[in-house]
Amino acid sequence: MTTSHYLMLSMLLFMIGVGGVLMRRNALVLFMCVELMLNAVNLAFVTFARMHGSMDGQVIVLFVMIVAAAEVAIGLAIIVAIFRRRLSANVDEMSLLRW
């Protein structure tokens, strides 16, 4: 596979993630779509790092993965707490921050 193939795959994954964020209303699905977009960006970073022969992109990917893991841990805890309270993970019903 060439660099353009990796970038096309990255773009496709990112577009699928954007489509999921824009079309779906379930908070868990939105989280998975955001993770898909982050992984698409990671793939592009690794591709560019390989193309230029440097480790910079891989270091950025490591930071992105750390931030994504923290985001999932905190966000998933919030979604589970809201689901236990309201019995729904629909983002349209989460418009109020007050319990």
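Predicted model: local features only at pLDDT ≥ 70, side-chain atom pairs only at ≥ 80, totals over all residues.
Residues are numbered from 1 along each chain as its sequence is written, and side-chain values use heavy atoms, with hydrogens and water left out.

Let me begin with α3 as a whole. Helices here are DSSP runs of H or I with at least four residues, numbered from the N terminus. Helix α3 covers residues 56–86, 31 residues in total, and its first and last C-alpha atoms are 44 Å apart, close to the expected 45 Å; that expected span is 1.5 Å times one less than the number of residues. Its buried residues are Gly57, Val61, Val64, Ala68, Gly75, Ile79 and Ile82, where buried means under 20% relative accessible area, exposed over 50%, and partly exposed in between, with a 1.4 Å probe and protein chains only. The cover over these buried residues includes α2, residues 27–52.

Returning to Gln58, this residue is partly exposed because its relative accessible area is 35%. Gln58 touches Val46 and Ala49, leaving aside residues up to four places away in sequence; contact means heavy atoms within 4.5 Å. Between Gln58 and Phe45 there are 6.8 Å, C-alpha to C-alpha, at a sequence separation of 13 residues.

I turn now to Glu35, which lies in helix α2. Glu35 is buried yet has no salt bridge, that is, a side-chain nitrogen of Lys or Arg within 4 Å of a carboxyl oxygen of Asp or Glu. The nearest side chain of opposite charge belongs to Arg24, 17 Å away; Lys and Arg count as positive and Asp and Glu as negative, with His and the chain ends not counted. The contacts of Glu35, not counting residues up to four places away in sequence, are Ala68, Glu71 and Val72.

What follows α3 at its end? The next residue is Leu87, with a positive phi near 60°. Leu87 has this positive phi although it is not a glycine. Leu87 lies in the segment after α3, and it counts as exposed because its relative accessibility is 65%.

Technical notes. Helix = DSSP H or I, 4+ residues; strand = E, 2+ residues; numbered from the N terminus.
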